[in-house]
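The chain is shown first.

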Amino acid sequence: MWPAAYPQGYAVVDVETTGLARDDRIISAAVYRLDARGEVEDHWYTLVNPERDPGPVWIHGLTSDVLRGAPLFQDIVEEFSTRLDGRVLVAHNAVFDWQMIAREYARAEREAPVRQRLCTIALSKELALPLPNHKLASLAAHFGVVQQRAHHALDDARVLAEAFRPSLLAAAEGGVRLPLHECRPLTEWTDRAVPRQQQPSSYSSYRPTSWRPARKRPACPYPNPGRYEEGKPLKQGMRIAFSGDTSTERDLLEDRAIEAGLHIATSISRLTSLLVTNDPDSGTSKVVKARQFGTPVVDEAAFGQLLGNVAAASEG
């Protein structure tokens, strides 16, 4: 029997952007609308003029010449809204796509008509899929979906829609609760200039630069209960460190962690409970020290899941 609590429709979304930072812009978007059981209803694709440089052309292939005649986001916002309206937004690393979309809507002084999102990385973890990593290509290969044009929004959305359907069916058959998260719209927006690095040689080395002033944070009121253990919840007082880029703004992630009663550590020591990084194979000093100390490591998506269920300091 199909779970009654499952959503009635989905909007599988992929956006290509000028970069990964707060002030970056969407340059193309695709939406596959699916029914309650994951069957494709229709699809839509558009280029978007970002009103700035296109960023890593060597990745997405969209040059300034191609984008110059494209519509502005405010010109396509009505159609985009029609595609999202009343559906659960599905994306691979959904927090990134949602943040980019929410920012564009805020710039246009609009609010996206979507209230929940589902990350296919989180769903693949719920299903315990035997994937070598959490790349879209790995998820696609697992379900025999052929990628034709990687980093093209329409093809990425098609691949994700085709991989999401069997994932949804497996979840329904197994009675798995879908990892749904609230989509909180931005109510106001101010762009700020962010300097850029020299053009890198590959996407893995593409790091938008932004100056992050040190923030004075209140002391954590809970004692450190020790290291995080896989399969168990985080516990108030745990010392959390971050390394590398995150899709969610770092300040927002840290604020959420502090609100949950966690301690933000700026370095790795034997007392660190958990390191959060999307690139555990990098050679950053924090990753190297975490390896030396045996500090547990999780990626951003997993940490987001853990934040939803932090145990009180007084619990067990």
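A residue is called buried under 20% relative accessible area, exposed over 50%, and partly exposed in between. Glu41, with a relative accessible area of 44%, is therefore partly exposed. The model is a predicted one.

**Salt bridges**

The count of salt bridges comes to 18. Three of them are tabulated here.

| Glu41 | Arg87 | 2.7 Å |

Glu41 belongs to strand 3, while Arg87 sits in the loop between helix 3 and strand 4, 46 residues apart. Arg87 is buried at 16%.

Asp299 is in the loop between strand 10 and helix 10 and Lys125 is in helix 5, so their bridge ties together parts 174 residues apart in sequence. Asp299 is buried at 17%, and Lys125 is partly exposed at 31%.

Asp155 and Arg158 both lie in helix 7, three residues apart, about one turn of the helix. Asp155 is buried at 6%, as is Arg158 at 14%.

Separately, Asp23, Asp24, Arg52 and Asp53 are linked in a network of salt bridges.

Arg117 lies in strand 5 and is buried, at 14% relative accessibility. Its C-alpha atom is 5.3 Å from that of His181, 64 residues away along the chain. A polar atom of the Arg117 side chain lies 2.8 Å from the backbone oxygen of Glu182. Contacts of Arg117 beyond its neighbours within four places in sequence include Ala94, Val95 and Trp98.

Helix 4 covers residues 94–107, and 14 of its 14 residues are buried. Glu109, which follows helix 4, has a positive phi near 60 degrees.

Methods: Residues numbered from 1 in each chain as written. Predicted model: local features only at pLDDT ≥ 70, side-chain atom pairs only at ≥ 80, totals over all residues. Heavy atoms only, no water. Helix = DSSP H or I, 4+ residues; strand = E, 2+ residues; numbered from the N terminus. Buried < 20%, exposed > 50% of the residue type's maximum accessible area, 1.4 Å probe, protein only. Contact = heavy atoms within 4.5 Å. Polar contact = N/O pair within 3.5 Å; in protein donor to acceptor, adjacent residues only side chain to side chain. Expected span 1.5 Å × (residues − 1). Salt bridge = Lys/Arg side-chain N within 4 Å of Asp/Glu carboxyl O.
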